[in-house]
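Please keep the sequence and the model in view while reading.

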Amino acid sequence: MICPYCGTDNAAENSTCTNCGQALVEARIAWQVEGQEAQSLPLSRTLSIGRVPGNDIVITDTALSRQHARVVVSDDGISLVDLGSLNGTFINGERVNEERFLADGDVIRVGRALLTVSLVPVAPAPAEEVPES
């Protein structure tokens, strides 16, 4: 992915530019639990997912472990790690056994809940107009 700020070519999974550190994508995770309003959070930092308070994303589903999974945000990209949950964590229907990088549109299943990842490329800052003389 080409950085819109400095032009550096970055690996596709990078969420920040390796040269200038600017965000390359606006990343969000969204979910809806039956009977509740849809929710979403920006993926600007590492988030924990589980069924008890203290997690960043709390889903009160007995099929989730207390600390079920973690979405890791790093300079290398955004990845998902299962924290040894009993019922497993899945990306697009495939069980996660080791850290996996996430892509736009990936669907994460924890227990009976589905979470969707969106990675939208950041548009470059508008160029300043130079007044004509």
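## Basis and overall fold

Two strands are taken to pair if DSSP finds at least two bridges between them, and the strands themselves are DSSP runs of at least two residues, numbered from the N terminus. The model is a predicted one.

On that basis the protein has 11 strands and zero helices, and its pattern along the sequence is β-β-β-β-β-β-β-β-β-β-β. The C-alpha atoms, taken along the principal axes, fill a box of roughly 70 × 30 × 25 Å. Of the 133 residues of the protein, 36% count as buried.

Strand β6 (residues 77-82) is mostly covered, with five of its six residues buried.

## The six-stranded sheet

A second open sheet has six strands in the order β2-β1-β11-β10-β7-β8, with antiparallel pairing. At its edges stand β2 (39-42) and β8 (94-95), and as each has a single partner strand, one side of each is left without a neighbour in the sheet. Four bridges join β1 to β2, which run antiparallel, and R28 stands opposite P42 in β2.

Further along the sheet, β10 and strand β11 (residues 113-121) pair in the antiparallel sense over four bridges, with V110 opposite A113 in β11. These two strands form a hairpin with two residues between them, in which G111 takes a positive phi near 60 degrees.

Strand β10 (residues 107-110) has I108 and V110 on a covered face, and V107 and R109 on an uncovered one.

Three bridges join β10 to strand β7 (residues 89-91), and the two run antiparallel. Within this pairing R109 is the bridge partner of F90, and the side chains of these residues also meet: the charged end of R109 sits over the ring of F90, 4.2 Å from its centre. Aromatic pairs, by contrast, number zero in a search of the whole structure.

## The largest pocket

The largest pocket has a volume of about 170 Å³. It is lined by 13 residues, of which S15, V25, L43, S44 and V73 are the closest to its centre. The lining divides into seven nonpolar, four polar and two charged residues.

By element, β1 (25-31) and β5 each supply at least two residues of this lining, and β1 gives the largest share, three residues.

## Two loop residues

N92 lies in the loop between β7 and β8, and although it is not a glycine, it has a positive phi of about 50 degrees. With a relative accessibility of 49%, N92 counts as partly exposed, since the exposed class begins over 50%.

D61, in the loop between β4 and β5, is in contrast buried, with a relative accessible area of 9%, which falls under the 20% cut-off for that class. The C-alpha atoms of D61 and S79 are separated by 23 Å, and the two residues are 18 residues apart along the chain.

Technical notes. Residues are numbered from 1 along each chain as its sequence is written. This is a predicted model: local features need pLDDT of at least 70, side-chain atom pairs count only at pLDDT 80 or more; totals for chains, interfaces and linings use all residues. Side-chain values use heavy atoms; hydrogens and water are left out. Rings of Phe, Tyr and Trp (its six-membered ring) pair if their centres lie within 6.5 Å; planes under 30 degrees apart count as stacked, over 60 as edge-to-face and the rest as tilted. A charge sits over a ring if NZ of Lys or CZ of Arg is within 6 Å of the ring centre and within 35 degrees of the ring normal. On a 1 Å grid over the protein atoms alone, a cavity is a set of points where a 1.4 Å probe fits but cannot get out, and a pocket is an open set with protein on both sides within 12 Å along at least five of seven lines; lining residues have an atom within 4 Å of a point. Grid points are joined across faces, edges and corners, and a volume is the space filled by probe spheres set on the points. Ala, Val, Leu, Ile, Met, Phe, Trp, Tyr, Cys and Pro count as nonpolar, Asp, Glu, Lys and Arg as charged, and the others, Gly among them, as polar. Buried means under 20% relative accessible area, exposed over 50%, partly exposed in between (1.4 Å probe, protein chains only).
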